[in-house]
Each structure stands twice: as structure tokens, then as C-alpha cells.
Amino acid sequence: MSSRYQQSESMLERALKTVPLGSQTFSKSRTQYPFGVSPYFIARGQGSHVWDVDGNEYVDFISSLASLTLGHGDPQVNQAVREQLDDGVIFSLPHPLEMQVAEKLVEMVPCAEMVRFGKNGSDATAGAVRVARAFTGRDRIAVCGYHGWQDWYIGSTARNLGVPKAVSALTHGWAYNDIQSLDKLFKEFPGQFAAVIMEPMNVSEPQPGFLEAVKALAHQHGALLVFDETITGFRYHNGGAQALFGVTPDLATFGKGLANGYPVSAVAGRADVMRLMEEVFFSFTFGGETLSLAAALATMNKLQAEPVVETLYRQGEKVLTFLRGYIDELGAADFLSLAGNPTWSFLLIKDTERYSTWELKTLFMQEMLANGILTFGTHNMSYAHSDQDLEKLFSAYRLTLPKLVDAVRHGTLQDLLHCKPLEPLFKVR
């Protein structure tokens, strides 16, 4: 047991007795963090920093899986939640906040005419798919990106254990920036697609005209277009990626940054489609839970009042500028590259002749964590990330990336690693 992570490893051993994988979330579990060189439990967070149960401090560039746009413990959001807590959390009739947050979403998001709330992004995408099927009278769904844990989507991936094959068979993947791959699906199953659901952007920028072509093709074949904005919403733009790219879908789903990490999600879209939610069963005891709705309203108000998104872009672009220059300086562009939006960017590590992506990523995480940076290769920016935080990130990269280069050029990975390499994992994008 390593001394730096002694409490984390002890807690993991205990948690595994009662919690599968030791975590409620796959992306937070031991599958993602190499044993012996990683923390497994966080005790608290404030702003852009978190502290693990061993007392180690990190600058947080995972930002709770990109759900924090403002940072941990934002004062305005906390105050709104405290005030609402005094009035109550859940009631036997709707609270006015349900209407007020829906109105704010309609105000901010181009496609939003009516809104329904869930708790997770997966609730929202499943609701959008169900109402699209009801509206069109069709069953098949074309997917591009990651859309959550529900049967309709996850059954089409490698993580399909427990999903009936009849359900999996109705979901069809297609390739981003490849309109022909979508056209092929429509031709293979004419008149059968209820919806095209996609992340409007994740790793790659949309090519000019691509999103417009997707919308036109979907409508040509009688299908609805759904943007899964669980991450891009309230991060890429106050109105989501649809506002940034100027393409309005029929429906969109939101979560994560909608309430700065509080558990609420939303399906929003055309009124003629959304009114079917009166018949389609999409109903939650906690769909109108008021603490998360108070957090959502406070978050959206702050997004409108302060330069939140502009700051995410400005700070995120500093990260990309540094890394572009440093990767070139190290002569490492053959296996290191960058992708994504400045607010949600990725350091990509490719397989090399000697080592796999997973072996190199293990070394990367070992060193970044040891140098006080919580990351697994993404830069999920928050409003709280300061220039001092970025300097700490750059310092960690200056210590870490030369070790990756040395491992690749001289075959020293085994000498540098203090743990077993990560195993190949289910990739969501």
C-alpha cells in the first residue's frame, strides 16, 4: 500500500465489499485509475481544487465529469440552495421553480419551446428517444456519440450485458463528420428511423455544413434531430452548441452544467413534439426536487450575468496554446495530439511501436496525479480555474511529458511505472 494514497486504498478495499467497482459511476471507478498511484476518494472541493481522503490537494481538471462550469461550492449557487432548503425539498404539488427554470431554458436555448426535467443525462436522452418514437410512430434510432446507460443506447455498445438483443437491434451507430454513413442507414432501413441523436461536438469540430446536412437528411427521411447537449450545453455557449454552430434541432437534452453539478437534467424542444409528454410516460418523483432546480436557476442566471463561458474559452485556449508548443518542443507529435473545444479539450495518446495507449496513459496519470493535477487526459474547464492553476498544470506537464517521451524513445516505461498498467476500457467516444 502506497503511503501517499493509504486512506484511499484502504477505503477502496472496504467499499468493494458493498459497492460493485467501489463507485456509483463507471468513470470514477478503479477501472479508470491505476492502483498504487491514484486516489480513489475525494473528501472535499472548493473552487478549482479538491482534496482526497489522504489530504492530498489537486487542481481539478475533470470537474466532476464536466458537470461543473462554475467550480466547486459556487457561492451564488450555494446560497440559492440554502434558501430553498428552508422552504422544503420536495412537495405533493409542483413548486414554482419547475416553471421558472423551464422559462429560463426557453429564454436561453434556441430549440426550447417546452421543457421536462429528469435527474441524469440518461433520463433526458431516454425521454427524448421515447417521445421521438411516439411522435413519428417509428422504432429505429441513429446514434453518434455517448448517450448514457439506458438499454436503448448502451445495448449498441460493448457494454451491452443484460440488454435484450431485440432492443439493441433498434439502435444504429454512424460516424461523426461522415454524412454518407448516416445516409447509408436511411437507405438500409427506409421509413423506419424515429430520430437521429448526436453529440453536436465532442472530440472533433463539425466540418462546414455537416450539422446542417444531418438536419436536412433527418427531416428528408421523416426523422427528428436530437442534440445531446449533456456536456456542450451551458459550456460551449449559453444556448448550447446549437447556438454556437447555428443549427437548431427538434429536441435537445441537457444535464451536467445545467445546475453546476446538482442532479437535474432536461428534455427541451419543439412544442408540438414536447406536448406528447402529456401521453408519453416520463415521470419522476424527484423530477421537481427543488434544491437542484434552485441550483439550476442560480447557475443560469450567473451564466447570463457574468463572462462564464468567455472565461472557459480564454483559459482553455491558454492550455491548448501551451500544449501545442510543448508537444512540438519535445518532438512528440507522432504520439501526442490535441482535440476538442477549448472548454473541454483532450490530450490524445496514441499507440506506439513499443507501448499501447493504455500503458502510456498509466504513466501519464501516475505523474500528473503525483504532481497535484486531477486529470485523465481531459481539460474540463471551470470558471474557477485561475492563471495560477494553469501554471501548476503546465509545471506538471513539464515534469510528465518528458517521461512519456523518454519511455517511447528509449523503452524505459517499465522502469518509470510504479504500478500495473491500466487495462483496455470501454470507450464512450
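Which side chain does a polar contact of 2.7 Å join to that of histidine 379? I put this to the model, which is a predicted one, and found that the partner is the side chain of tyrosine 397.

**Histidine 379.** I placed histidine 379 in strand β14, which covers residues 378-380, and I noted that this histidine is buried, because its relative accessible area is 1% and the cut-off for buried is under 20%. Leaving aside neighbours within four places in sequence, I listed the residues in contact with histidine 379, among them Phe61, Val319, Trp344, Phe346, Leu393 and Tyr397.

**Cores.** I then looked up the largest nonpolar core, which has 60 residues, and saw that Leu105, Phe117, Trp174, Val196, Met198 and Phe234 have the most contacts inside it. Helix α12 (residues 290-305) gives the largest share of this core, nine residues, and at least three residues come from each of domain 1 (6-72 + 308-416) and domain 2 (90-288). Another core, of 49 residues, lies apart from this one, and Tyr397 is among its residues, as are Leu12, Leu413 and Leu425. For phenylalanine 117, with neighbours within four places in sequence left aside, I recorded contacts that include Leu105, Val264, Phe282, Phe284 and Leu293.

Notes. Residues are numbered from 1 along each chain as its sequence is written. This is a predicted model: local features need pLDDT of at least 70, side-chain atom pairs count only at pLDDT 80 or more; totals for chains, interfaces and linings use all residues. Side-chain values use heavy atoms; hydrogens and water are left out. A nonpolar core is a set of buried Ala, Val, Leu, Ile, Met, Phe, Trp, Tyr and Cys residues joined through side-chain atoms within 4.5 Å. Buried means under 20% relative accessible area, exposed over 50%, partly exposed in between (1.4 Å probe, protein chains only). Helices (H or I, at least four residues) and strands (E, at least two) are DSSP runs, numbered from the N terminus. Domain bounds come from an automatic or database domain assignment. Contact means heavy atoms within 4.5 Å. A polar contact is a pair of N or O atoms within 3.5 Å; within protein, one must be able to donate a hydrogen and the other to accept it, and residues adjacent in sequence count only if both atoms are side-chain atoms.
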